[in-house]
Number of protein chains: 2
Amino acid sequence: MSHNFVDEDDLESIALGAPLLGTGGGGDPYIGKLIAREVIRRKGKVRMILLESVPDDALVIASAMMGAPTVFVEKIPSGQEAVSAFRGLEEFLGEKAYATYSIEAGGLNSTIPIGTAASLGLPVVDADGMGRAFPEIQMVSPSIYGLPATPMSLADEKGNVVILERTITNEWTERFARTLTIDMGGSAMIALYPLRGHQAKRALISGSISYARRIGEELRSAWARKGDPLRAVLRATRGQVIFVGKVVDLERRTEGGFARGTVRLRGTGSDERKNLLIRFQNENLVAELDGSVIACVPDLISILDAETAIPITTEGLRYGLRSVVVAIPCHRKWRTRKGLELVGPGYFGYSAAYRPVRRTRG
Amino acid sequence: MSHNFVDEDDLESIALGAPLLGTGGGGDPYIGKLIAREVIRRKGKVRMILLESVPDDALVIASAMMGAPTVFVEKIPSGQEAVSAFRGLEEFLGEKAYATYSIEAGGLNSTIPIGTAASLGLPVVDADGMGRAFPEIQMVSPSIYGLPATPMSLADEKGNVVILERTITNEWTERFARTLTIDMGGSAMIALYPLRGHQAKRALISGSISYARRIGEELRSAWARKGDPLRAVLRATRGQVIFVGKVVDLERRTEGGFARGTVRLRGTGSDERKNLLIRFQNENLVAELDGSVIACVPDLISILDAETAIPITTEGLRYGLRSVVVAIPCHRKWRTRKGLELVGPGYFGYSAAYRPVRRTRG
């Protein structure tokens with residue numbers, strides 16, 4: 001970690017790097033950045049603390065947004081809902097949190113907790129529960145350790161606050177929260193996975209926010225010196241290029257609270273005459289090269305703009321886009337048996353066995 | 001009130017009388033009766049207290065079941081869920097309840113609170129929030145007085161407990177609770193409308209449980225002395241016969257968590273050649289005689305078996321059933337402007353203006 005706070009400039013870098021970890025989903029960090037920037041301007045920069053520095057008995061609570069990213073674009077939250085959700089959960093627990101953290105460093109939820117931290121005068125932990133983005137609440141590393149998402153709160157912009165007190169599994173929490181989110185108009189601010197320090201240190205993925213920031217910094221620095229932004233991304237992430245081509249087909253629908261669909265790219269250059277099909281549910285799940293799976297969850301599959309290396313979210317995809325598809329190894333927690341049960345290709349209904357891309361992070 | 005407790009025999013009478021106030025919906029009290037009877041056998045009869053005797057600062061909480069009655073028939077609860085929901089809400093509030101009460105004296109929810117009271121060793125208040133049954137959470141007399149349904153809890157047989165902490169209106173509570181109930185498998189046990197004594201005395205309908213019991217007692221006494229059970233019902237309720245005929249058409253579907261549909265009766269005797277159409281959403285809402293509305297919500301429309309005067313619930317309707325349709329005046333709270341806004345024909349999408357049937361109760 002290069003420095004122990006997040007200011008406006010860091011926000012820019014995080015918001016730039018996070019969509020790469022978002023793998024098409026996770027929502028556009030732009031909205032979260034706007035919220036956080038406004039609060040930071042008023043209240044000052046946010047202290048970012050190392051996961052390892054959280055006291056064992058301290059309470060940390062994740063702050064996040066839930067819903068289909070395609071809805072976020074039309075229904076921009078004020079930031080007050082995140083505070084309502086967070087305060088609602090603190091009141092339910094009868095205890096103030098020591099810090100907040102990100103459940104999902106990929107996409108929107110990288111910056112949401114920073115805004116919440118700024119509003120509440122709390123530090124944010126440099127960690128997350130995914131090391132990337134995933135579409136469902138139970139798909140976090142705390143689930144690997146049997147830690148519950150509940151008690152969890154949801155708040156909407158109208159003033160409704162719901163507590164999911166106790167559920168039998170994190171999958172049930174996902175189910176209840178998903179329909180409530182749809183009732184709330186397609187998106188909600190949430191506070192969840194209240195953890196003690198000793199649980200957080202075991203279960204969370206350390207360094208995720210500074211990882212997103214580093215990716216953003218590398219990109220910005222490559223642009224500034226007219227260098228190669230793709231190479232900068234690959235260096236920061238240990239990723240590899242799996243395809244170069246352009247979007248020739250796109251099917252996208254909002255269904256059950258998710259953005260689902262497929263995107264097809266036709267190869268250019270050395271990939272000429274080849275086709276890559278990517279299937280997504282908010283996030284890119286599986287990449288098939290001429291019918292064979294070449295990368296899949298939990299590894300990261302990201303589509304970058306060929307020119308700028310800016311990661312393209314699912315809702316930003318459009319016909320004719322010239323792109324580079326990158327695969328990045330997931331955190332090693334996901335490559336365990338329990339990790340693959342939670343977020344491997346089988347969970348999403350694909351029969352393909354998980355075939356890891358080179359190297360793991362962490 | 002003839003006596004201040006509810007024993008097994010009283011349960012029989014309540015379970016017999018309540019479906020008349022259920023107006024086709026509210027669920028079959030049989031299940032609630034079984035649960036309550038089992039607990040009463042183990043723990044002894046339940047003390048029933050007058051609404052007027054509740055201390056002003058005492059906390060009372062309603063105990064109920066929520067969902068489509070057509071589902072209750074297939075998914076019978078154990079009684080433990082009602083206790084989980086009740087205890088969950090007490091824990092959330094940080095206070096033990098002084099008593100429980102019925103939110104809906106018509107149907108299943110007449111007996112559910114008696115089982116909860118027996119399980120928890122609490123008294124049950126002789127009152128309810130409807131004086132009948134209605135399909136939605138906000139359709140209770142406390143809504144007329146601006147009292148919130150929240151905090152409210154829901155529990156299922158799997159062990160999930162959800163708290164709706166704070167919503168902006170009781171209509172939002174209904175919306176959230178309805179989808180959660182569907183997620184929970186179509187039905188859930190709930191605890192809601194936590195009220196102080198002074199609020200309960202103003203907002204609830206006094207005497208509803210003993211009213212249901214009196215109807216049941218009159219019916220049983222008429223059968224025992226081979227008297228006229230229909231006359232006994234009319235005497236106990238000040239109701240009037242609006243149609244005599246048999247079921248010739250029935251359309252019923254489970255939709256959005258409700259049992260919706262229509263039943264058509266062809267007249268017999270003095271109603272020969274006439275047709276009565278009844279539209280229902282769990283409860284009977286509107287009765288049209290040859291196309292003209294002759295009774296509608298909030299007044300009570302009940303279909304009785306012509307032979308025994310036993311009220312027939314929506315799910316008990318069948319082709320060829322010989323029936324007497326009775327209209328009963330609703331409680332006067334519902335005939336106010338605010339009451340009619342909440343549960344008048346307009347709310348349910350009917351353009352007909354409310355035309356009260358003779359006399360009001362209370």
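How many bridges join β7(A) to strand β7 of chain B, and in which direction do the two strands run? Let's start there, with the two chains on the screen. Keep in mind that this is a predicted model.

The answer is five bridges, and the strands, with β7 of chain B covering residues 161–166, run antiparallel. If you want one pair to click on, take Leu164(A): its bridge partner in β7(B) is Val162(B).

On chain A, 18 residues are in contact with 18 residues of chain B. Two elements of chain A, β7 (161–166) and α7 (170–183), each supply at least two residues of the side that touches chain B. Sorted by class, that side of chain A has eight nonpolar, five polar and five charged residues.

How do the two copies relate to each other? In general, two copies of a chain are related by a rotation about an axis and a shift along it.

Helix α1(B), residues 8–22, and α2(B) have axes that come within 10 Å and cross at roughly 170°. That makes α1(B) roughly antiparallel to α2(B). The crossing is right-handed. On the α1(B) side, the contact is made by Glu8(B), Leu11(B), Ala15(B), Ala18(B) and Pro19(B), and α2(B) brings Pro29(B), Tyr30(B), Lys33(B), Ala36(B), Arg37(B) and Ile40(B). By class, this contact has eight nonpolar, no polar and three charged residues.

Helix α2(B), residues 29–43, also packs with helix α5(B), residues 112–120, at an angle of about 25° and with the axes 8 Å apart. That makes α2(B) roughly parallel to α5(B). This crossing of α2(B) and α5(B) is left-handed. From α2(B), the contact draws on Gly32(B), Ile35(B), Ala36(B), Val39(B), Ile40(B) and Lys43(B); from α5(B), on Ile112(B), Ile114(B), Gly115(B), Ala118(B) and Ser119(B). The class count for α2(B) with α5(B) is seven nonpolar, three polar and one charged.

On to the sheets. Strands of a sheet pair through backbone hydrogen bonds, either parallel or antiparallel. In chain A, seven strands make an open sheet in the order β14-β13-β12-β11-β10-β16-β15, with antiparallel pairing. Which strands stand at the edges? They are β14 (292–296) and β15 (300–305) of chain A, each with a single partner strand, so one side of each is left without a neighbour in the sheet. From one strand to the next, the twist averages 35°. Inside this sheet, β11(A), residues 258–267, and β12(A), residues 275–281, pair in the antiparallel sense over seven bridges. Leu265(A) has Leu276(A) in β12(A) as its bridge partner.

Chain B has an open sheet of seven strands too, in the order β14-β13-β12-β11-β10-β16-β15 and with antiparallel pairing. Its edge strands are β14 and β15 of chain B, each pairing on one side only. Six bridges join β12(B), residues 275–281, to β13(B), residues 283–289, and the two run antiparallel. There, Leu276(B) stands opposite Leu289(B) in β13(B). Helix α10(B), residues 229–237, lies across β10 (240–255), β15 and β16 (322–328) of chain B, running at about 10° to β16(B).

Finally, some backbone details. Most residues other than glycine have a negative phi, and most peptide bonds are trans. The peptide bond from Val297(A) to Pro298(A), however, is cis, with omega near 5°. Pro298(A) sits in the loop between β14 and β15 of chain A. In chain B, a cis peptide bond joins Val297(B) and Pro298(B), with omega about 5°. Another spot to look at is Lys226(A), a residue other than glycine with a positive phi, near 50°. You will find Lys226(A) in the loop between α9 (208–224) and α10 (229–237) of chain A.

Thanks, everyone!

Note on methods:
Residues are numbered from 1 along each chain as its sequence is written. Chains are lettered from A and ligands numbered from 1 in the order in which they are written. This is a predicted model: local features need pLDDT of at least 70, side-chain atom pairs count only at pLDDT 80 or more; totals for chains, interfaces and linings use all residues. Axes are lines fitted to C-alpha atoms, for helices over the stretch in contact, and angles run from 0 to 180 degrees between N-to-C directions. Helices (H or I, at least four residues) and strands (E, at least two) are DSSP runs, numbered from the N terminus. Angles under 35 degrees count as roughly parallel, over 145 as roughly antiparallel, 65 to 115 as roughly perpendicular and the rest as oblique. A crossing is left-handed if the near helix is turned anticlockwise from the far one by less than a right angle, and right-handed if clockwise. Two residues are in contact if their C-beta atoms, placed from the backbone, lie within 7 Å. Ala, Val, Leu, Ile, Met, Phe, Trp, Tyr, Cys and Pro count as nonpolar, Asp, Glu, Lys and Arg as charged, and the others, Gly among them, as polar. Two strands pair if DSSP finds at least two bridges between them.
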